[in-house]
Amino acid sequence: MFASQIHLKNFRNYRETTVTAPPGLILVVGPNGAGKTNLLEAVHFLALGRSFRTNRDRDLVRLGEDALSVRATVQSACGEQLFALDYGAAGKVAAVNDETIPRLIDYVGTLAVVAFGPDDLALAKGEPAVRRRFLDVWLGQESREYLYTLQRYYAVLRSRNALLARAAPRAEMEPYDHELVAAGATLTFFRAGAASGLAAAAAAAYGELAPEDEDFVVEYDPAVPCDGDEEEIGRAFERKLEEGRGAEERRRQTLVGPHRDDLRLAVKGCDARRFASEGQQRTAALSLRVAQFRLLKKTRGDPPLLLLDDVASELDAGRQRRLADVVAGAEQIFFTATTPPAGIEPDAKIRISEGQIEASG
Amino acid sequence: MAWQSKLIGRLVNELTKMPGVGRKTAQRLTYFLLKAPEGYVENLARLLNEVKQHVSPCRECGNLTEGEQCGVCADDTRNRRLICVVEEPADLTLVERTGEFNGVYHVLMGVISPLEGIGPDQLRMAELVNRVQTHQAVEVIVATDPDVEGDTTAYYIAKLLSPLGVKVTRIARGLPVGGDLDFADEVTLAQAIAGRQEIGK
């Protein structure tokens, strides 16, 4: 699929602007601070209802305004569709072909997107939360059931933590243990099932990006043992909760569950987080994104939109070229850069200065 | 704001305290009341007072009523051994409108919500246990909303009542009647499939 037209209103530094774009590789150029990343962020926000930079939606609204709107005309095998996401006093309101979707969760991920950014290094270097977010953004686009379960799990978790904080009696905790286990087992089962596909795709991508003969291993590191079916995982989760009850009561928060999951990354058999060079970490992070893109393309039958934000500047010319080959399966790529990257021939250029699209096409 | 009448400002302010009423709606309501025909406001004020004075929870089920007992509880033909638990009086009205239910109700006056600091003690749980015992109920149907709060409250009730030997059931979830499969969200559809029923039996 590709976005043939994108319309922004009061998004970050854009007052109101329309971008037309062909399929293919679109180079977004302009000086620092002009709004290149903001354009990609708007597409990400439209697709997933959230930014790739911040959790505060308020920050996305242009200074002095109180509502924003992002719209895009998308061409795919299903024909032309109009996606719209508004954010303002009424929260986020989404519409497809002018029909409002009453609950945001029924809309999120209808349009698939994969974003590569300069902060991706944290996938290999950072805290487990970064890798969990990677899993959630990926799997939430693979399956809506995953998204619902994730939302439910965190809703239960917040309530359960509130009960632990005020040392609520067992009888009050019990329903929350039950719901936490039910949603948590589904999430763990889902992540475990998806992990082998991720491992294979990420290892393949690493091999293509790095000419050196290094192996890259991705393993799911669940907080609850993930052997067996959902029911067995549920029973293991129950046992873990039981064992940790004393510690939970002392620390007054939920200490075990998929909110403590991680992915273990290893380059040449060593923990990538601690022992890999920055170049290896960057390639590892890039490989996870490429894997996400290819797996989504496969399950959804249509390549997601690709957003590459200032990725090239971190890579040497060889890796830049290989990245271009690797993502050649995309139908449309938005690629920001302060200087045009070597060896990459764009199909179109969008020039931006101070929140204005100067030229596109 | 010297240009605005102080009284109008006060009324708008009071109205915004009502659920679902923002500043704009409050202003619209205020101007509506000011322009309303003779007697309308007096009648409304009197009605509000009467409602506040005479309407109170039914001593049996918690439904709102003008007497001591609500219409459902006063009805001798209703099956007192079948109790439907709902969150609010408004939910009772919804179930009652179906005409499918011949038991009695129990209004919790909310759901358990740790984030809002609402525990079982703030709800009518003890009264429920009491009624199940005195009427020797055979079944309690929990009809709270199918969300996290509604589901955990249902689970709490099931555990609470299990020593009493009463059957505790939860209303089914599934597809709206006359709806299209196209319009069902995936989770509702999955649950409808899991809860499928044999035809012709």
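Modeller: Here is a predicted model. In chain A, helix 9 (residues 278–300) packs with helix 10 (residues 317–326). Their axes are 11 Å apart, and the packing angle is about 10 degrees.

Biologist: Is the crossing of helix 9 of chain A with helix 10 of chain A left-handed or right-handed?

Modeller: Look at how helix 9 of chain A passes helix 10 of chain A. The crossing is right-handed.

Biologist: Which residues in helix 10 of chain A meet helix 9 of chain A?

Modeller: Start from helix 9 of chain A. It contributes A:Gly279, A:Thr283, A:Leu286, A:Val290 and A:Arg294. On the side of helix 10 of chain A, the residues are A:Arg319, A:Leu323 and A:Val326.

Biologist: Now the whole chain. What radius of gyration does chain A have, and what would a compact globule have?

Modeller: Chain A holds 10 helices and 15 strands. Its C-alpha trace spans about 65 × 55 × 35 Å along the principal axes. A compact globule with 361 residues would have a radius of gyration near 21 Å, so chain A agrees, at 21 Å.

Biologist: What percentage of the residues of chain A count as buried?

Modeller: Buried means under 20% relative accessible area. Of the 361 residues of chain A, the buried share is 55%.

Notes: Residues numbered from 1 in each chain as written. Chains lettered and ligands numbered in written order. Predicted model: local features only at pLDDT ≥ 70, side-chain atom pairs only at ≥ 80, totals over all residues. Heavy atoms only, no water. Axes fitted to C-alpha atoms, helices over the stretch in contact; angles between N-to-C directions. Helix = DSSP H or I, 4+ residues; strand = E, 2+ residues; numbered from the N terminus. Left-handed = near helix turned anticlockwise from the far one by under 90°. Contact = heavy atoms within 4.5 Å. Rg over C-alpha atoms; globule rule 2.2 N^0.38 Å. Buried < 20%, exposed > 50% of the residue type's maximum accessible area, 1.4 Å probe, protein only.
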